[in-house]
Amino acid sequence: MESVNRRKFLKAAGVALSLPSLEAMRPAMARHSDEKQVPRRMLAICNNLGLLPGEFFPTGSGRDYTLSPYLEILKQHRNDFTVFSGVWHPDVDGGHPADNCFLTAAPHPARGGFSNTISLDQFIAERIGHLTRFPSLNLGVNPMQGQRSLSWTSSGVLIPCEESASTVFRQLFVSGTAQEEKKQIRRLQLGQSILDVVADQAKDLQKSLGANDRDRLDQYFGSVRELEQRMAASRAWEERPRPKVEVPEPVDPANNRAYMEKVRLMYDLARLAFETDSTRSVALLLDSVNSPAINIESMELSDGYHNLSHHGKSEAKLAQLKEIDRSHMRLLDQLFSDLRGVKEDGVSLLDRTMVLYGSNLGDADRHVTTNLPILFAGGGFRHGQHLEFDRVHNYPLPNLFVSMLQRMGIEVDRFASSTGTMRGLEMA
Amino acid sequence: MRFLRIQFAILAWFATSFCCDRLLLAQLDSKPFLDRYCVECHNADQQEGKLDLKAASMIGQTPETLNRWASIHDRIRQMEMPPKDSLQPAPDERGVFLSELSSSLVAVDQQMINTTGRASSRRMNRFEYENTLRALFHLPDLHVREFLPEDGEAFGFNKVGSALNVSHVQMARYLQASDFALRAAMAPQTIRPDSKPVRYFAWDQRSLFAGDYPKIRLTFPIFGEQIFEHRKWRECTDEERTPDSRDKQAIAIFCSTFEPTEIRFSSFRAPVAGRYRLRFAGYSIWASPDCTKLFEGRTTEPISIYSDRAPVVYRKLGGFDFQPQSTVQELEVHLGVGETIRPDAARLVRSRPPDHKNPLASDEGLPGVAFQWMEVEGPLYDEWPPASHQVLFDTLPLVDKPTPKPDERLIPRGDRRRNRIVAGETEVISAAAEQDAARLMKRFMEHVYRGPVPQEELDRFTNFTLKTLAAGETFTESMLSGYTAVLCSPSFLYFNGTPGRLTDRALAVRLSYFLWNGPPDKELRELADADKLHLPEVLAAQTNRMLTSPRSQQFIDSFLDYWLELRHINATSADVSLYPDYDLDDLLVESMLAETQQYFRELISKDLPVDCLIDSNFAMLNERLANHYGIAGVKGVAIRRVELPEDSIRGGLLTQASSLKVTANGTTTSPVKRGVWVMDHIMGHKPPLPPEAVPAVEPDTRGATTIREQLAKHRSIESCNACHKNFDPAGFALECFDVLGGYRTKYRSLGAGDAIKGIGHNGVRYRFREGQPVDFTGELPDGRSFADVRQWKQLLKKDVEQVAKNLIQQLVVYGTGAKMRFSDSQRVEAILDATKGTNYGVRSLIHAIVQSEMFVQQ
């Protein structure tokens with residue numbers, strides 16, 4: 001297969017990316033009658049092995065809480081984030097596969113007959129994706145491809161993670177040659193006409209099927225139409241120039257052990273994508289479960305990341321896990337600082353970017369999916385607090401998703417198993 | 001007009017010859033049983049368990065209503081209802097009620113099946129899609145599965161319509177996958193590639209020289225009986241370097257292939273995708289402790305052969321044993337373009353920095369292997385242009401397209417200069433494009449569509465192709481677009497059908513996707529076209545033929561992947577500290593998977609009794625597994641049937657390493673997890689889900705308490721024990737097996753316990769200790785007790801009918817893509833009756849399923 005072709009289809013599928021800088025986009029967006037608000041963005045990060053709970057959760061609640069050892073690393077941003085305890089996705093059990101539900105909150109991922117539901121990033125993309133070149137970006141570090149993703153369609157289908165930072169960078173900022181682009185446009189036209197043919201057949205078939213079978217074919221038909229629309233949108237973007245950035249293309253580490261370096265690259269990329277308003281919705285899965293013994297500056301690790309997480313209270317393993325977790329916190333600290341440093345309309349990018357950082361596991365050693373570690377920064381909320389909920393009867397995390405959607409200007413009052421908006425979290 | 005009145009009045013309906021059947025009325029108040037024992041709690045006011053027997057929703061011929069009544073039936077039959085402290089019906093009364101309810105439900109269920117079909121329409125799953133393209137294009141090694149998103153799963157399998165969704169992403173992926181497959185099917189060049197054997201000498205392979213590492217991770221050049229220090233190899237004399245001396249040259253290695261000692265025959269890379277014959281010359285050796293003197297090997301050494309594609313994609317191609325004397329071993333394999341060959345002396349140490357001890361070394365020396373050369377013959381074609389190409393373009397003339405620049409990322413580092421990839425592209429030339437397009441499209445569609453192709457469908461795709469041609473695309477690209485459309489069309493991707501008995505063509509498809517997990521072949525299609533396939537003797541003969549064919553491996557592998565969850569075999573790996581002896585042992589994990597696959601094949605081909613799932617007097621083993629199980633006298637990598645000693649704890653599926661591995665997490669075992677697995681997958685009693693937000697009881701590796709003690713606390717709570725008593729015993733019996741299925745009498749611990757001396761396969765000194773003894777005794781819920789896993793298996797075997805019943809149900813869900821229905825139970829009983837004489841032979845069960853109403857109906 002030609003790489004061009006593959007990339008275009010990926011892109012058409014809304015997986016990949018592309019466009020003009022914020023300022024250049026402004027007049028274009030003003031033309032959209034539905035876009036009167038300031039741009040709001042989301043970066044959702046799930047580390048599927050979580051963080052050591054004892055080191056992460058702070059003591060005391062409200063605004064006067066005491067920073068935990070991990071949060072101490074983020075102390076310069078204390079007023080830019082809220083930390084939660086005692087929250088979970090109701091009925092999302094089953095240990096590791098729960099990462100697939102981190103942004104969907106679909107219950108019982110390990111149960112037979114389980115079907116996932118739409119993820120938060122895709123929910124956003126469906127509603128405001130037309131405002132940017134890329135409706136959403138789905139990124140991953142060491143993802144177990146085909147098995148794990150934060151991003152799911154409404155029919156419960158996995159959207160694969162893009163794991164090469166350089167590929168994403170090129171799609172965002174580097175245009176192809178005129179000839180190549182013409183070829184891409186022709187490819188897309190051809191793709192659209194292939195879809196027309198198969199859609200016609202589906203329509204004819206529907207006449208001869210029973211109700212149940214018609215449902216299955218309706219789904220097919222809907223998918224074909226959706227892909228066609230995305231191809232049409234891609235063609236429109238193809239004629240506009242990509243934004244320019246002053247940074248060099250990232251170099252992808254060849255080895256999965258360079259996990260932390262990959263995380264850093266993805267954080268940079270997400271910031272660049274927001275800075276150029278190339279997308280408003282980014283999901284990033286840190287597939288620690290699928291990672292080997294990773295490189296940490298300060299020590300050499302004895303085991304793979306996943307094996308370490310089953311520390312069985314071994315002191316040696318716990319010490320290594322702490323070092324890994326601290327590296328995570330340092331990278332997060334850098335990300336917050338970087339977002340704070342970029343100004344848009346005189347406002348810092350952090351104030352317009354919601355950063356959700358957390359895990360599907362409350363305690364990876366025991367595969368517990370309750371008491372999830374959740375950190376929520378930026379995006380225009382009144383932060384600087386510890387929202388503490390019942391450790392035994394947890395509070396539903398999907399309520400946070402509803403608050404986030406509302407902050408993005410999307411009119412919804414529920415998402416998955418939510419019961420309202422996040423109690424105690426107020427918009428700034 | 002026919003009036004049918006079901007004896008039991010809850011569900012009654014009438015049927016007419018001209019009107020669809022529907023449910024008429026419910027006369028609950030007339031049913032004294034319900035009034036007497038049930039309605040007091042399950043009424044509109046109380047609704048115990050959210051059930052109101054008098055609600056309107058209890059009437060109606062819908063799947064939901066049927067399910068509700070079916071579960072009422074089951075609860076009453078299992079004596080769970082009415083509750084123990086309520087008024088109890090007499091046994092007779094219960095029996096009469098149940099049989100009336102049951103026959104009503106069966107009748108309603110059958111009615112529903114008649115209108116909507118047992119199975120709904122569904123798309124192919126990614127395995128079926130790949131197997132289908134492989135068969136249609138005669139490309140047995142085509143990899144397109146990875147393009148497609150993971151399939152959903154329902155009722156344990158990836159075969160059920162309700163879980164096989166399609167999204168815009170899936171659609172985009174179909175476009176990619178079919179485009180990729182079509183281009184892979186085309187001839188890569190106009191002339192047949194040269195396939196003369198080429199020999200690649202070990203001394204010429206840069207990547208066979210690993211230096212600058214501690215001794216056991218080095219490679220050593222050998223000349224005759226001389227062994228050189230790697231760095232001093234330059235000192236070899238001219239005589240040693242001449243081509244005439246080739247026979248004496250070899251490269252010795254004392255570790256298995258593992259970073260950074262990644263040895264490859266890298267001056268070969270498959271120039272095109274295709275079939276190749278590989279020959280390897282080499283032998284096992286023994287060296288003095290300092291690796292300066294060479295002796296004849298003391299054992300055979302297993303060699304695994306992998307293909308290697310950048311970045312780090314390894315695929316096992318096969319394996320063989322090197323003997324103490326030089327031999328030539330041959331494998332016939334399929335390679336992807338650009339793949340190189342990576343041999344691995346799998347038994348040898350695989351160390352991770354900073355540990356470099358060799359568990360196989362002693363004062364006398366250490367074992368190793370010597371590679372002399374690899375010979376490659378291929379790509380091998382039966383015809384030219386290749387059969388795959390002819391499916392698309394028949395024998396129209398071809399011209400070469402300019403060869404695209406190879407993708408540097410696909411070439412292993414250090415090998416870029418030697419790049420001899422020729423995989424190019426060709427262009428098909430047509431003098432009469434419109435006629436050729438119509439002719440080729442008809443040929444193609446009749447080949448890939450599973451049924452007859454109506455004229456309007458031919459026209460649809462032919463016209464599209466012609467339109468593309470008219471828009472300025474080349475003939476080749478226009479045809480490929482048309483073919484892509486066919487391969488992405490619903491008629492190709494979906495299995496549709498009308499309710500009722502399957503047509504012969506539909507039966508051929510169902511049978512083929514059952515026993516081959518792929519499309520019907522010519523013979524099946526011809527029998528279907530002649531309307532003969534449904535004849536019981538023809539169906540039986542075809543079933544036999546298909547089960548004997550090598551293609552049935554696709555059924556066995558994919559059925560076991562889901563039924564036993566073997567697809568998760570690599571989900572966790574052995575903990576480095578607790579199990580250094582298992583760490584990085586690929587041969588062990590590969591062998592355990594092969595054991596179970598070949599064991600199931602043996603049950604089918606010999607029609608062995610279904611109780612072999614529980615216990616057997618033989619096992620399918622190779623040397624690695626035999627060592628793992630402590631069974632002497634098995635040599636070499638080939639899996640073969642081995643009779644087990646009388647008192648062996650092995651035999652059966654449950655004590656195979658694969659089952660034991662997928663039910664453990666690499667660090668610890670949990671009787672709960674294993675017990676639930678046995679009850680659910682083998683005995684067919686799916687336990688209820690644990691209560692919400694109760695954390696699992698997880699073992700402690702400090703050696704202070706055992707999992708038994710932790711569980712005992714849990715089980716002392718009556719509400720926990722109500723379920724745990726059913727599945728924990730199976731897990732207790734299996735506690736004598738560690739995370740990879742090795743036998744144990746004591747738990748390993750990282751805290752308390754006795755130190756054990758040794759060095760792991762990973763070159764690390766043992767740091768674990770042997771702690772608390774394992775208690776593997778237990779008691780079944782009915783009070784029968786067992787002292788160990790052998791006795792437990794004997795108890796389990798007494799319930800052989802249930803084992804057979806469960807296997808039937810699993811096979812039916814897999815084979816029909818539909819869940820088990822209430823009305824199926826009588827058909828399952830019929831299969832049990834029919835196969836009892838063979839002690840429920842596994843092949844007999846498959847035969848009976850294929851002939852059953854469940855299978856031959858939509």
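In chain A, 56% of the 428 residues are buried. A residue is buried if 20 or more other C-beta atoms lie within 10 Å of its own, exposed if 12 or fewer, and partly exposed in between, with C-beta atoms placed from the backbone. This is a predicted model: local features need pLDDT of at least 70, side-chain atom pairs count only at pLDDT 80 or more, and totals for chains, interfaces and linings use all residues. Residues are numbered from 1 along each chain as its sequence is written, while chains are lettered from A and ligands numbered from 1 in the order in which they are written.

## Chain A

The secondary structure of chain A comprises 13 helices and 11 strands. Helices (H or I, at least four residues) and strands (E, at least two) are DSSP runs, numbered from the N terminus. Of the contacts in chain A with a separation of 6 or more, 70% join residues 24 or more positions apart. Two residues are in contact if their C-beta atoms, placed from the backbone, lie within 7 Å.

Seven strands of chain A form an open sheet with mixed pairing, in the order E4-E5-E1-E8-E9-E2-E10. Two strands pair if DSSP finds at least two bridges between them. Which strands stand at the edges? They are E4 (137-141) and E10 (385-388) of chain A. Each has a single partner strand, so one side of each is left without a neighbour in the sheet. Neighbouring strands of this sheet are turned by 15 degrees against each other on average, direction ignored. Here axes are lines fitted to C-alpha atoms, for helices over the stretch in contact, and angles run from 0 to 180 degrees between N-to-C directions.

Look now at strand E9(A). Strand E8 (residues 353-358) of chain A pairs with E9 (residues 374-377) of chain A in the antiparallel sense, over four bridges. Strand E2 (residues 81-85) of chain A also runs antiparallel to E9(A), joined by four bridges. The table lists bridge partners in E9(A).

| Residue | Partner in E9(A) |
|---|---|
| Tyr357(A) | Leu375(A) |

The side chains of E9(A) take two directions. Ile374(A) and Phe376(A) point one way, Leu375(A) and Ala377(A) the other way, and all are buried.

A loop residue is worth a look too. Asp277(A) lies between helix H9 (259-275) and strand E5 (281-286) of chain A. Is Asp277(A) buried or exposed? Asp277(A) counts as buried because it has 24 C-beta neighbours inside 10 Å. Its C-alpha atom is separated by 8.6 Å from that of Pro39(A), a residue 238 residues apart from Asp277(A) along the chain.

## Where the chains meet

The contact between the chains takes 55 residues from chain A and 56 residues from chain B. On the side of chain A that touches chain B, the elements giving two or more residues are helix H1 (3-12), helix H7 (178-206) and helix H8 (211-238) of chain A. H8(A) gives the largest share, 11 residues. This side of chain A divides into 21 nonpolar, 23 polar and 11 charged residues. Ala, Val, Leu, Ile, Met, Phe, Trp, Tyr, Cys and Pro count as nonpolar, Asp, Glu, Lys and Arg as charged, and the others, Gly among them, as polar.

## Chain B and the cores

Helix H15 (residues 552-563) and helix H16 (residues 586-605) of chain B pack at an angle of about 115 degrees, with their axes 10 Å apart. H15(B) gives Ile556(B), Asp557(B) and Leu560(B) to the contact, and H16(B) gives Thr596(B), Gln597(B), Phe600(B) and Arg601(B). These residues divide into three nonpolar, two polar and two charged.

Helix H25 (residues 842-851) of chain B is mostly covered, with eight of its 10 residues buried. Among the buried ones are Leu845(B) and Ile849(B). The buried residues of H25(B) pack against helices of chain B, including H16, H23 (800-816) and H24 (824-835).

The largest nonpolar core has 322 residues. Such a core is a set of buried Ala, Val, Leu, Ile, Met, Phe, Trp, Tyr and Cys residues joined through C-beta atoms within 7 Å. Those with the most contacts inside this core include Ala44(A), Met266(A), Leu845(B) and Ile849(B). Apart from it lies another core, of 10 residues, among them Phe97(B) and Leu105(B).
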